[in-house]
Amino acid sequence: MENISDIKKKYRDKLDSLDLEVLIAHAIGKSREVVLTHPEYILTPNQKLRINNYIERRIKNEPVAYITKHKEFFGLDFTVTPNTLIPRPETELLVEKTLEEILTFHNQSSIINIIDVGTGSGNIIISIVDNLASNFRKNYRCKDKNKKIKFYGIDISKDALQVAKQNAKKNNLQSEIKFIESNLLEYFLKNKIYKVHHLILTANLPYLSKDIYESSMVDVKKYEPKSALISNQNGLSHYAKLISEIKKLKKYSKINSISCFIEISPEQKNEIKKIILNYFPKGKLNFKKDLSGKCRVVIIKIN
């Protein structure tokens, strides 16, 4: 009879140890800690079949998150499918900086709209709303027709929106966030925002150039949705269009200030700066580095 230790010895030269432990844990319905602390755990025939299936898929470069259909982000558990990008640790910086901005409005009588553009699995907007719970979200219940803060997650993909809605429900936030099918800000340009003091936008749009995409890891190119990764204009086509739409939104809606938080690839710093200042010459820009010291988030302030 095979146990966990036997499986780990069998595949230790074929698979990363962390990936192997996560897949075994998922197959037996236990935590990774159990896999680590109970190598003598005897596997049932069905568990062995599942483990072998998962390992074969991983050897073919299928991402672990797609195999397990789960990914942790900002301390929360998210369902992921091939219809959405897998949430990445570097994106947590975008969430952190957005939360800092929102909390500057604490105790102010401000009307705030927070829009997550290209929401995907919903990991950004859901993490933001969840982490506001201990601060002031309780003062802005969705049941309140006069609430001062509204949360939106928008995406062009119906399939991605279904995943985002599922994740909101999983984290008991389905009543807090309105998910809308929209190509960038198209919905809001048609249904203009009025009487909003502050508009906060987050965006982790496709930003890989064709060259960088081609040099990406096999599991990214083979399994993750290409449309959510690659963009023309050296990876900045989507962001250029978003900035132009923010310009239109600012012109036709009564918004006092706009703050926009976007994730980029480090080498795009100078080019994205030119695009933003072309539309907003007086806009204030701030670039934030991730834990590896690379420029990852651009903060745009427009008054």
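**Charges and rings, pair by pair**

Student: What makes K247 count as a charge over the ring of F280?

Tutor: K247 lies over the face of F280, at 5.2 Å from the ring centre. The rule asks for NZ of Lys or CZ of Arg within 6 Å of the ring centre and within 35 degrees of the ring normal. K269 is placed over the face of F287, 5.1 Å from the ring centre.

Student: What should I keep in mind about the model?

Tutor: It's a predicted model, where local features need pLDDT of at least 70 and side-chain atom pairs count only at pLDDT 80 or more, while totals for chains, interfaces and linings use all residues. Residues are numbered from 1 along each chain as its sequence is written, and side-chain values use heavy atoms, with hydrogens and water left out.

Student: Why is the R32 and E21 contact called a salt bridge?

Tutor: A salt bridge needs a side-chain nitrogen of Lys or Arg within 4 Å of a carboxyl oxygen of Asp or Glu. The closest N and O atoms of R32 and E21 are 2.8 Å apart, so the pair qualifies. R32 sits in helix α3 (residues 32-37) and E21 in helix α2 (residues 17-28), so the bridge ties together parts 11 residues apart in sequence. Helices here are DSSP runs (H or I, at least four residues), strands likewise (E, at least two), numbered from the N terminus. K8 joins E21 and R32 in a network of salt bridges.

Student: How do you know whether E21 is buried or exposed?

Tutor: Buried means under 20% relative accessible area, exposed over 50%, and partly exposed in between (1.4 Å probe, protein chains only). E21 has 7%, so it counts as buried, whereas R32, at 32%, is partly exposed.

Student: What makes K301 and E101 a link between distant parts of the chain?

Tutor: Their closest N and O atoms are 3.3 Å apart, which makes a salt bridge. K301 is in strand β9 (residues 295-302) and E101 in helix α6 (residues 92-103), 200 residues apart. E101 is buried at 10%; K301 is partly exposed at 30%.

Student: Why are F73 and F78 called edge-to-face?

Tutor: Rings of Phe, Tyr and Trp (its six-membered ring) pair if their centres lie within 6.5 Å; planes under 30 degrees apart are stacked, over 60 edge-to-face, the rest tilted. For F73 and F78 the centres are 6.2 Å apart and the planes at 75°, so edge-to-face it is. F73 is buried at 1%, and F78 is buried at 0%. Ring pairs join F73, F74 and F78 into a cluster.
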